[in-house]
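Please walk through this structure from its overall layout down to single backbone angles. Keep the sequence and the 3D view side by side.

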Amino acid sequence: MLHEFSYLAPRERKDLLQLLKKHSSQARLLAGGTDLLCEIRLGTDRPEVLIDVKNIAEFRGIAFSEQDGLAVGAAVTCVELMEHPVVRKRFPLLAHAAGQIGSAQLRNRATIGGNLCTASPCADLGCSSLVLGARVELVSARGTRVIPMKDFFTGVKATQLKDDEAVQRVFYPVVAAGAKWGMEKLKRIKGHDLAVVSVAIARTTQWLRVGIGSCAPTPVVAADLPPNASVKAVTEAALKAIDPIDDVRASREFRLAMVQEFIAKLLPALS
Ligand SMILES: Cc1cc2nc3c(=O)[nH]c(=O)nc-3n(C[C@H](O)[C@H](O)[C@H](O)COP(=O)(O)OP(=O)(O)OC[C@H]3O[C@@H](n4cnc5c(N)ncnc54)[C@H](O)[C@@H]3O)c2cc1C
């Protein structure tokens with residue numbers, strides 16, 4: 001049984017921000033609902049108000065310019081990311097990572113904003129966006145702030161979001177467009193599943209970055225390395241950035257081994 005809650009679906013951004021201000025910690029933003037409705041059904045979250053973000057124009061759409069890079073609305077779905085021609089051509093790692101999330105039905109509903117705001121250590125758009133140098137736009141009735149994604153995640157299922165704030169867009173810099181890339185995601189089953197370990201690598205002429213999922217309280221990215229960094233150097237940087245735990249999916253030792261395995265496989269084969 002679901003508990004009783006109000007469902008509000010504003011059509012204007014200013015109304016959304018006023019509703020967030022008014023209901024604050026009693027409210028949750030609803031995007032695809034693939035995380036939130038599970039929490040509500042399980043009784044682990046009992047918000048009084050759900051505020052739907054999907055009708056707000058500023059939260060939708062994907063835009064690219066050679067000056068500003070890629071801007072992705074928080075309510076953009078995984079399928080929209082996977083199918084967008086500019087994302088596929090200029091940010092193929094992002095399109096690929098969106099395609100790693102759940103099943104086809106789920107990807108039709110699940111949004112980038114929901115994936116990042118749930119802030120699971122295994123979020124597939126987490127480690128992939130981190131290596132692309134993403135920044136997150138947070139909006140509230142008080143104003144707008146843009147922060148690097150590496151500062152957005154603060155712990156397991158915890159972010160910098162204040163009660164009256166929403167993520168409006170995610171930005172990807174032009175320098176990351178066309179980056180060589182590779183991503184591996186280990187699951188317990190061949191079908192849809194959360195990552196036991198995931199590794200994403202992006203390389204431009206200026207830097208090489210490795211991002212890791214499910215190996216720390218948040219998705220993480222190692223400090224920038226030179227583009228020609230060796231497997232040994234990348235592995236050392238990755239191991240320094242993570243601190244995996246034993247849990248139902250895998251042991252710490254297995255996770256550490258798989259991160260090394262994936263880096264050795266991905267680095268020589270970046271496309
Ligand atoms: C069967 C199943 C399989 C899954 N497989 C994967 C997987 O393989 N990989 C993976 O990464 N995830 C997976 N997930 C988790 C989930 O589907 C994703 O995290 C998804 O992207 C969440 O997006 P959503 O739009 O459905 O979020 P919602 O459920 O609508 O929201 C999630 C959270 O984010 C908040 N939120 C949403 N939008 C905003 C916003 N704009 N600003 C601020 N807060 C916001 C909500 O209030 C809520 O707390 C799976 C889930 C299920 C049920």
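Ala, Val, Leu, Ile, Met, Phe, Trp, Tyr, Cys and Pro count here as nonpolar, Asp, Glu, Lys and Arg as charged, and the others, Gly among them, as polar. By that scheme the shell around the ligand holds 17 nonpolar, 10 polar and 4 charged residues. The model is predicted: local features need pLDDT of at least 70, side-chain atom pairs count only at pLDDT 80 or more, and totals for chains, interfaces and linings use all residues. Residue numbers start from 1 along each chain as its sequence is written.

Start with the layout. The domain assignment gives domain 1 (6–52), domain 2 (58–175) and domain 3 (180–269). Such bounds come from an automatic or database domain assignment. Taken over C-alpha atoms, the centres of domain 1 and domain 3 are separated by 33 Å.

Now turn to the ligand. A residue is near it if its C-beta atom, placed from the backbone, lies within 6 Å. Of the 31 residues around the ligand, Ala31, Gly32, Gly114, Asn115 and Cys117 come nearest. Domain 1 and domain 2 each contribute at least three residues to the shell. Which elements supply at least two residues each? They are β2 (27–30), α2 (36–42), α6 (104–109), α7 (112–118) and β10 (166–172). Helices (H or I, at least four residues) and strands (E, at least two) are DSSP runs, numbered from the N terminus. Helix α7 gives the most, with 5 residues.

Two strands pair if DSSP finds at least two bridges between them. Here 5 strands form an open, antiparallel sheet in the order β4-β5-β10-β6-β7. Strands β4 (62–65) and β7 stand at the edges with a single partner strand each, so one side of each is left without a neighbour in the sheet. On average, neighbouring strands are turned by 20° against each other, direction ignored. That angle uses axes fitted as lines to C-alpha atoms, for helices over the stretch in contact, with angles running from 0 to 180 degrees between N-to-C directions.

Follow β6 (residues 135–140) to both of its partners. It pairs with β10 in the antiparallel sense over 5 bridges. Glu137 stands opposite Arg169 in β10. With β7 the pairing is also antiparallel, over 6 bridges. Ser140 has Gly143 of β7 as its bridge partner. A hairpin through 2 residues joins β6 to β7.

Is β7 covered or in the open? A residue is buried if 20 or more other C-beta atoms lie within 10 Å of its own, exposed if 12 or fewer, and partly exposed in between, with C-beta atoms placed from the backbone. Of the 6 residues of β7 (residues 143–148), 0 are buried, so the strand lies largely in the open. Helix α8 (residues 124–131) is mostly covered, with 8 of its 8 residues buried. Among them are Asp124, Cys127 and Leu130. Gly133 follows α8 and has a positive phi, near 75°.

Finish with the backbone. Most residues other than glycine have a negative phi. Ser24 has a positive value, near 40°. It sits in the loop between α1 (13–23) and β2. Ser24 counts as exposed because it has 12 C-beta neighbours inside 10 Å. Ala119 also has a positive phi, near 55°. This residue lies in the loop between α7 and α8. Ala119 is buried, because 22 other C-beta atoms lie within 10 Å.
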